[in-house]
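Hi,

Here is the structure I promised to pass on.

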Amino acid sequence: FFGGSVIGGFIGYFIKYYLDLRYSRKLEELSKKRKMYEDMIDSLNVFISGRNINNELKNSFLESYARLWLWASDDVIRKVGLHLDHQINRAQGNPVDENDMRDSFANAVIEMRKDLGNQNSLLDSEDYKFVSFR
């Protein structure tokens with residue numbers, strides 16, 4: 001009986017250790033994603049017209065985009081990609097509907113929220129408010 005208790009204790013300890021380690025890794029991954037998504041949203045400012053864009057901001061965007069491909073979910077990458085497609089089309093002089101631009105940005109942010117654990121969010125792109133100062 002005593003030997004079984006000791007073995008059971010060791011097994012319990014190792015299971016707890018394994019679960020704690022797994023939970024710790026999940027928290028670390030979530031923290032990295034949160035920081036990466038914050039950086040990505042900040043760096044998307046490079047596309048806002050009227051902003052003073054220097055090489056540092058451009059490099060920040062490129063670095064954020066590269067990290068996005070490493071850590072983000074497929075759905076986030078696709079939503080950000082759609083927004084970038086709109087930005088590229090606009091930069092090439094092709095007409096892009098302003099509402100499509102706003103929706104693509106808001107949908108990318110909403111997808112990032114979902115990837116960070118807000119899967120049950122009921123927000124949609126119309127809930128995101130764009131504010132400009134004059």
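Which salt bridge do the side chains of Glu-98 and Arg-102 meet in, and what is the distance from N to O? The N-to-O distance in that salt bridge between Glu-98 and Arg-102 is 3.8 Å. Before I go on, some ground rules: this is a predicted model, where local features need pLDDT of at least 70 and side-chain atom pairs count only at pLDDT 80 or more, while totals for chains, interfaces and linings use all residues. Residues are numbered from 1 along each chain as its sequence is written, and side-chain values use heavy atoms, with hydrogens and water left out.

Salt bridges

Side chains of opposite charge can pair when their charged atoms come close. The rule for a salt bridge here is a side-chain nitrogen of Lys or Arg within 4 Å of a carboxyl oxygen of Asp or Glu. By that rule, the count is nine salt bridges.

Back to Glu-98 and Arg-102: they are four residues apart in helix 4, so about one helical turn separates them. (Helices are DSSP runs of H or I with at least four residues, strands are runs of E with at least two, and both are numbered from the N terminus.) Glu-98 also forms a salt bridge with Arg-90, and there the closest N and O atoms are 2.6 Å apart.

How covered are these residues? Buried means under 20% relative accessible area, exposed means over 50%, and partly exposed is in between (1.4 Å probe, protein chains only). Glu-98 has a relative accessible area of 37%, so it is partly exposed. Arg-102, at 38%, is partly exposed, and Arg-90, at 35%, counts as partly exposed too.

Helix 1 (residues 2-43) has a pair to look at as well: Glu-28 and Lys-32 sit four residues apart in it, so they are separated by about one helical turn. Their salt bridge has its closest N and O atoms 3.6 Å apart. Glu-28 is partly exposed at 45%, and Lys-32 is partly exposed at 36%.

Aromatic pairs

Next, the rings. Rings of Phe, Tyr and Trp (its six-membered ring) pair if their centres lie within 6.5 Å; planes under 30 degrees apart count as stacked, over 60 as edge-to-face and the rest as tilted. Searching the whole structure gives four aromatic pairs. Phe-61 and Tyr-65 are a stacked pair, because their ring centres are 6.0 Å apart and their planes are at 15°. Both lie in helix 2 (residues 55-71), four residues apart, which means about one helical turn between them. Phe-61 counts as buried at 10% relative accessibility, whereas Tyr-65 is partly exposed at 24%.

Phe-105 and Tyr-128 make an edge-to-face pair, with 5.6 Å from centre to centre and 75° between the planes. This pair links distant parts of the chain, 23 residues apart: Phe-105 is in helix 4 and Tyr-128 is in the segment after helix 4. Phe-105 is buried at 12%, and Tyr-128 is partly exposed at 32%. Ring pairs also bring in Phe-130, making a cluster with Phe-105 and Tyr-128.

A charged patch

Finally, look at the surface for a patch of negative charge, where Asp-97, Asp-100, Asp-103, Asp-124, Glu-126 and Asp-127 gather. One of them, Asp-100, lies in helix 4 (residues 98-115) and counts as partly exposed at 39% relative accessibility. Patches are made of residues with over 30% relative accessible area and no salt bridge, with like charges joined within 9 Å and nonpolar side chains (Val, Leu, Ile, Met, Phe, Trp, Tyr) within 5 Å.

Cheers

Methods:
Accessible areas come from the Shrake-Rupley method with a 1.4 Å probe; for residues, only the protein chains shown count as cover. Lys and Arg count as positive and Asp and Glu as negative; His and the chain ends are not counted. The place of a charge is taken as NZ of Lys, CZ of Arg, CG of Asp or CD of Glu.
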